[in-house]
Amino acid sequence: MRGIRCCFFILILMSGKALAVDCAPSDITLADQAAVTAFVDVYGNCDHITGNLTVGPETGQATFSDLNGISGLVSIEGGLSIRNSI
């Protein structure tokens, strides 16, 4: 009985990883509010970024009022950078 519980527990752990969907490409930059809002339309229902996520433009400034577009993200393997936002 103990072996069955152990195997069941391992299967549950493995299924969580199996359900994770990687976003492509590995690094993602969302330069403005429109890109954040359109995240699901562009990248689908992915929940794991294998690289870096950058929010904000490289130059100038952007205003972000709604981050719901990326609310489905569960993990980012690389770094999270928020730049030039007000």
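Predicted model: local features only at pLDDT ≥ 70, side-chain atom pairs only at ≥ 80, totals over all residues.

Tutor: Happy to! Setting aside neighbours within four places in sequence, L53 is in contact with I28, L30, I70, L73, I76, G79, L80 and S81. Several of these names come back when we look at the nonpolar core. The largest such core has 13 residues, and L53 is among those with the most contacts inside it, along with C23, I28, L30, F39 and L73. Two strands, β2 (28-30) and β4 (53-55), each supply at least two residues of this core.

Now move along to T54, which also has its place in strand β4. T54 counts as buried because its relative accessibility is 13%, and the cut-off for buried is under 20%. Again leaving out neighbours within four places in sequence, T54 is in contact with I28, T29 and L30, and also with S81 and R83.

Let's go back to C23, one of the core residues with the most contacts. C23 is joined to C46 by a disulfide, with an S to S distance of 1.9 Å. C23 lies in strand β1 (residues 22-23), whereas C46 sits in the loop between α3 (39-43) and β3 (48-49), so the pair ties together parts that are 23 residues apart in sequence. The link of C23 and C46 is right-handed, with 90° about the S-S bond. As for accessibility, C23 is buried at 4%, and C46 is buried too, with a relative accessible area of 5%. The count for the model comes to one disulfide.

Notes: Residues numbered from 1 in each chain as written. Heavy atoms only, no water. Core = buried A, V, L, I, M, F, W, Y, C linked by side-chain atoms within 4.5 Å. Buried < 20%, exposed > 50% of the residue type's maximum accessible area, 1.4 Å probe, protein only. Helix = DSSP H or I, 4+ residues; strand = E, 2+ residues; numbered from the N terminus. Contact = heavy atoms within 4.5 Å. Disulfide = S-S within 2.5 Å.
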